[in-house]
Amino acid sequence: MIDAVAALGPAAPGTLAQVDAGTVVSVLVDGLSKAAIYVMIAAGLTLIFGLMGVLNFAHGSLTMLGAYAGGLVLVVAISSGSGALTRLAVFFAAVVAVFAALTAVGAALEVTLVRPLYDRPPLYQILLTFGLTLIFDEFARMVVEFYGLQPRSAWQEAVGTKPEFLAESNAYDVAGAPVVGLDLFEIVLGVVTVAAIWGFLTRTRYGLYIRAGSEDAEMAEALGINIRRAFTVVFGVGVGVAGAAGVLLAWDTAWGASVPLGAETLLPAFVVVIIGGLGTFRGTVLAALLVGMVDGLMTYVFNSGIVEFPGLPELTVFLTLVVMLIVRPQGLAGVEEVGGH
Amino acid sequence: MSATDDAATGAEDAPLLDIEDAQTYYGESHVLQGVSLSVDRGETVALVGRNGVGKTTTLRTALQLTPPRTGTVRVGGVDVTGDPTHEVATRGLGWIPEDRRMFEQLTVDENVRVAVTDTDAVDAKRELAYEAFPDLRELRDRKTGNLSGGQQQMVAIARGLVGDNDLLLVDEPSEGLAPQIVEAVAEALRTVAEDAAMLLVEQNFPLAMDLADRFYLMDGGKIVHEDTTEGVTSDDEMIRRYLGT
């Protein structure tokens with residue numbers, strides 16, 4: 001580590017002079033694309049906790065399953081001769097299919113496994129969902145190894161199904177900064193995801209039920225709202241969003257479909273949810289932006305030749321969490337007590 | 001609910017709420033020890049007694065929030081014992097709970113809208129609430145967590161009003177409110193009592209007698225006395241004995 005900190009990069013002539021428009025753009029795009037990923041992997045987690053008070057430790061593994069399922073669709077349907085539009089169309093078809101399939105899986109999990117544990121202490125739900133993670137991960141490992149793939153590293157064949165204009169090797173010049181198409185694509189999908197969930201929560205009657213039930217499930221029930229069904233719907237949709245995010249990650253070289261993807265996404269998702277304030281969607285969006293920008297900025301600082309230590313950006317993500325827990329333990333948008341029944 | 005609708009519609013003249021020998025527990029704690037009471041269409045019935053005798057539990061038992069271990073709860077003649085609370089609620093039972101139980105992150109308007117059970121008539125019902133409680137119209141976009149206790153109580157009553165309820169279960173509506181606010185709340189309850197029957201738990205005995213037509217007196221998880229409210233005051237020998245006034 002001392003070496004790393006001491007190693008001033010060879011290309012560091014005048015550190016301040018490097019902060020030009022291009023640098024700002026590239027840090028911004030990098031930070032926003034990371035924020036988009038974070039919000040997509042954390043949204044389902046926060047919805048589920050907000051309404052039901054269940055910490056779903058299987059969330060990351062469900063993203064992993066979504067990545068493999070989506071990757072499978074992409075690899076099967078896209079050939080080397082497929083055009084950019086075909087590839088995009090297949091991608092969106094995969095997102096829809098994976099969202100539907102994992103929503104069904106989530107709803108089934110809620111009805112069969114989570115529901116009997118609502119009246120138990122939270123530890124039961126944590127043990128259950130943690131157990132599910134082990135099962136999903138081992139299941140994925142077995143299947144992946146059976147087909148001769150390396151489970152610990154990203155599924156390159158799926159990563160390679162991206163259209164050329166989104167590829168990492170193909171950067172665009174924006175204000176002098178190299179911007180990768182996939183980063184912009186991720187930002188767009190992040191915005192769409194946030195807008196869709198936001199609209200669902202604030203513009204639909206069912207969203208109103210969910211917001212009311214998140215505060216006081218018993219009172220909502222006494223007003224005639226079938227809160228058990230809302231639990232099933234939200235658990236399903238939350239898992240569906242996690243899976244759909246996985247499809248996008250299957251295209252991203254920095255992530256890619258792999259068995260460890262579950263743990264790799266679960267940790268930052270929890271960080272974002274806690275920084276935002278447990279169970280508040282608005283807080284999760286703000287926290288994803290904060291963490292994404294911190295991550296993006298630190299990636300620049302620690303990889304730009306001023307100081308070289310690629311492990312540090314990730315470290316600062318958790319450092320942000322630590323600072324947040326000390327300064328504002330209820331989170332950015334959290335209230336004193338959320339998710340209690 | 002739908003499959004049993006025909007068989008379970010109940011008679012038109014059946015009491016709105018009929019609790020028969022309800023024995024209700026919180027864990028091992030035996031709270032209701034055989035409560036029987038009924039409320040008919042159009043009447044306001046008070047449930048009085050000291051703290052901890054089971055008044056709130058009686059309301060929770062009616063709604064199946066805390067279902068009785070033995071005994072029966074009928075709503076409009078239909079046995080609802082053990083049914084999910086939301087189904088009991090849609091049979092016309094409304095709850096205006098102790099501490100008002102606002103959805104504090106939601107606005108006044110959202111609190112009212114969420115309580116409308118007839119989803120085709122949300123706007124009309126909301127308008128009905130604002131006509132009954134004009135003060136709420138100005139507060140409609142405020143989060144209810146930022147309102148005063150009296151304003152929150154109005155929202156709670158408005159929620160009961162818009163839910164197409166035949167019977168409102170009202171728990172300690174005057175608790176913690178200043179005297180002049182209590183008068184406004186009493187007026188609001190009189191307004192909703194024009195359209196719905198009411199089972200009212202109230203510590204303020206004169207207020208309870210003023211609002212109600214009949215009353216049940218509870219002690220030790222049982223109904224110990226029932227009577228009409230006419231001429232009953234807190235000086236009454238039996239009332240003094242059980243309420244400790």
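I began with the secondary structure of chain A and found 13 helices and two strands, where helices (H or I, at least four residues) and strands (E, at least two) are DSSP runs numbered from the N terminus. The radius of gyration of chain A, taken over C-alpha atoms, is 21 Å, close to the 20 Å that the globule rule gives for 341 residues, so chain A is as compact as a globular protein of that length; the rule is 2.2 Å times the number of residues to the power 0.38.

I noted that this is a predicted model, in which local features need pLDDT of at least 70 and side-chain atom pairs count only at pLDDT 80 or more, while totals for chains, interfaces and linings use all residues. Residues are numbered from 1 along each chain as its sequence is written, chains are lettered from A and ligands numbered from 1 in the order in which they are written, and side-chain values use heavy atoms, with hydrogens and water left out.

Next I looked up burial, and 54% of the 341 residues of chain A count as buried, meaning under 20% relative accessible area with a 1.4 Å probe and protein chains only. For contacts (heavy atoms within 4.5 Å), I found that residues 24 or more positions apart account for 76% of those in chain A with a separation of 6 or more.

Last, I turned to Glu110(A), which lies in helix H4 (residues 84-114) of chain A and counts as buried at 0% relative accessibility. Leaving out residues up to four places away in sequence, Glu110(A) touches Met52(A), Arg115(A), Tyr118(A), Phe231(A), Thr232(A) and Phe235(A).

Conventions. Buried < 20%, exposed > 50% of the residue type's maximum accessible area, 1.4 Å probe, protein only.
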